[in-house]
Amino acid sequence: AHAGQGTSAAGLAAGLGVAADGTPYHGPYGPGVDLSTLRVAPGVAPEAKLYALKVFGCHGSTTLLTQAIERAVDPNGDGNPADHLDVLIISVGTPFGSDEDPDAIAVNNAARAGMVVVVAAGDNLETFYAVDSPASASQAIAVGAVDASGAIAPFSARGYENYTLGDAT
């Protein structure tokens, strides 16, 4: 994970926005509201409640992703997933995953419990047909990156063909 990546993702998801005078924007939100006067637009769900599930220390890799997914499925730890989070966004992974990877199994179980699970497809450079785990989970929504022009980013995992958005060739 990159420094500040979680903060950036949280802002895109649930940031309030910044008013023209630099103060936090507290609404209103919704259709018909002119947000063009804001210094920073709000996130896509500015009134959402966020939970941070930290899986990394200061350095290196992690073995805590499955436990974090389990926590998202049962935040209060009572064994009942009725209080599960609505959406889980995972921006880490292990290269060349499969549906049988332990993290992928946890993602599939979370989706079966009623959660929407969105996972980064990976940074496999020029490797085609390669998706990281847990994006390899059959129940996950796997997402890749695009560059500023809308073309598939050169560091992102790729699908069956390298193409730009709107170009089916």
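Accessible areas come from the Shrake-Rupley method with a 1.4 Å probe, and for residues only the protein chains shown count as cover. By that method, the accessible surface of the protein comes to about 10,600 Å², of which 58% belongs to carbon and sulfur atoms. This is a predicted model, in which local features need pLDDT of at least 70 and side-chain atom pairs count only at pLDDT 80 or more, while totals for chains, interfaces and linings use all residues. Residues are numbered from 1 along each chain as its sequence is written, and side-chain values use heavy atoms, with hydrogens and water left out.

**The whole chain**

Begin with a cartoon view, which shows 3 helices and 3 strands. These are DSSP runs numbered from the N terminus: helices are H or I with at least four residues, and strands are E with at least two. Along the sequence the pattern is α-α-β-α-β-β. Of the 169 residues, 31% are buried, that is, under 20% relative accessible area with a 1.4 Å probe, counting protein chains only.

Next, select the strands, which form an open sheet in the order 1-2-3 with parallel pairing; two strands pair if DSSP finds at least two bridges between them. Strand 1 (87-90) and strand 3 (141-143) are the edge strands, each pairing on one side only. Now select residues 116-120, strand 2, which 3 bridges join to strand 3. Within this pair, Val-118 has Ile-141 as its bridge partner.

Select helix 2 (65-73) and helix 3 (102-112). Their axes come within 9 Å and cross at roughly 10°, the axes being lines fitted to C-alpha atoms over the stretch in contact, with angles from 0 to 180 degrees between N-to-C directions. Helix 2 is therefore roughly parallel to helix 3, a term for angles under 35 degrees.

**The nonpolar core**

Which residues touch the most other members of the largest nonpolar core? Select Ile-69, Leu-88, Ile-90, Val-107, Met-115 and Val-117 to see them, among 20 residues in that core. Such a core is a set of buried Ala, Val, Leu, Ile, Met, Phe, Trp, Tyr and Cys residues joined through side-chain atoms within 4.5 Å. Helix 2 gives the largest share, 5 residues.

Finally, centre the view on Val-107. Not counting residues up to four places away in sequence, Val-107 touches Ile-69, Ile-90, Val-117, Pro-134, Ala-137 and Ala-140.

Methods. Buried < 20%, exposed > 50% of the residue type's maximum accessible area, 1.4 Å probe, protein only. Contact = heavy atoms within 4.5 Å. Parallel < 35°, antiparallel > 145°, perpendicular 65-115°, else oblique.
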